[in-house]
Amino acid sequence: MASIFTKIINGDIPCHKVAEDENFIAFLDINPNAKGHALCVPKEEVDKLFDLGEHMYLQLMQFSRRVAKALEKTVDCNRVGMAVIGLEVPHVHVHLIPLNSMDDMDFSSKVSMTDDEMAELAAEIRQKLQ
Ligand code: 5GP
């Protein structure tokens with residue numbers, strides 16, 4: 001069965017997209033730790049990060065770096081943190097989280113944003129992509 005992220009990639013489930021190329025997509029996390037929390041996902045459906053082929057792995061890091069730079073320009077933060085977990089969705093994804101404190105890396109502490117706020121933020125991030 002297709003993962004929830006493959007359904008997003010195929011356009012079967014909506015998302016607030018911030019970047020996309022031939023091999024990757026980035027969109028805002030539906031349940032963000034902090035404003036701007038984004039997920040960078042390879043279109044190839046692989047469960048675990050280190051099972052990606054070396055080329056795809058390096059390309060994912062490059063894509064994530066580009067999105068992180070745009071996040072830093074958009075969201076007021078000290079830096080952008082990165083995490084890879086995958087216990088909920090078994091389809092590789094890099095969490096990019098704008099950080100102001102260690103609490104922003106706490107996945108049990110969430111911020112609430114309306115759908116309109118998410119749409120506006122995603123548009124701002126897209127504008128900052130080089
Ligand atoms: P993990 O698998 O790394 O533990 O967490 C999966 C992440 O994906 C969570 O932060 C969760 O909020 C996010 N997520 C799960 N389902 C969806 C979805 O349908 N849309 C979006 N945008 N994010 C999702």
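**Terms and their grounds**

Mentor: Let us begin with the largest pocket, which holds about 550 Å³ of space, and keep in mind throughout that this is a predicted model.

Trainee: Which elements give two or more residues to the lining of the largest pocket?
Mentor: They are helix H1 (4-9), strand E2 (24-28) and helix H3 (115-128), and the largest share, three residues, comes from H1. The lining as a whole has 24 residues, and Asp-29, Ile-30, Asn-31, Leu-39 and Glu-88 are those that lie nearest the centre of the pocket.

Trainee: How do the residues of that lining divide into nonpolar, polar and charged?
Mentor: The division is 15 nonpolar, five polar and four charged.

Trainee: What order do the elements of the chain follow from the N terminus on?
Mentor: The chain has three helices and five strands, and from the N terminus on they run α-β-β-β-α-β-β-α.

Trainee: Why does the radius of gyration of the chain agree with that of a compact globule?
Mentor: For 130 residues the globule rule gives a value near 14 Å, and the chain has 14 Å, so the two agree.

Trainee: What share of the contacts with a separation of 6 or more joins residues 24 or more positions apart?
Mentor: That share is 58%. On the side of accessibility, buried residues make up 43% of the 130 residues, while the accessible surface comes to about 7,600 Å², with 49% of it belonging to carbon and sulfur atoms.

Trainee: Why is Pro-32 called buried?
Mentor: Buried means under 20% relative accessible area, and Pro-32, at 3% relative accessibility, therefore counts as buried. Pro-32 sits in the loop between E2 and strand E3 (38-42), and, once its neighbours within four places in sequence are left aside, its contacts are with His-37, Lys-110, Val-111 and Met-113. The C-alpha atoms of Pro-32 and Phe-107 are 8.5 Å apart in space, although the two residues are 75 apart in sequence.

Trainee: Why does Lys-43 count as partly exposed?
Mentor: The class lies between the cut-offs of under 20% for buried and over 50% for exposed, and Lys-43 has 26% relative accessibility, so it counts as partly exposed. Lys-43 belongs to the loop between E3 and helix H2 (54-74).

Trainee: What is Lys-43 in contact with, leaving aside its neighbours within four places in sequence?
Mentor: Its partners are Ile-9, Glu-20, Asp-21, Glu-22, Asn-23, Phe-24 and His-91. For one of them, Asn-23, the separation from Lys-43 is 20 residues in sequence and 5.4 Å in space, C-alpha to C-alpha.

Definitions and conventions
Residues numbered from 1 in each chain as written. Predicted model: local features only at pLDDT ≥ 70, side-chain atom pairs only at ≥ 80, totals over all residues. Heavy atoms only, no water. 1 Å grid on protein atoms, 1.4 Å probe; cavity = no way out; pocket = protein on both sides within 12 Å on 5 of 7 lines; lining within 4 Å. Points joined across faces, edges and corners; volume = space filled by probe spheres on them. Helix = DSSP H or I, 4+ residues; strand = E, 2+ residues; numbered from the N terminus. Nonpolar A, V, L, I, M, F, W, Y, C, P; charged D, E, K, R; others polar. Rg over C-alpha atoms; globule rule 2.2 N^0.38 Å. Buried < 20%, exposed > 50% of the residue type's maximum accessible area, 1.4 Å probe, protein only. Contact = heavy atoms within 4.5 Å. Areas by Shrake-Rupley, 256 points an atom, 1.4 Å probe, with all protein chains shown as cover.
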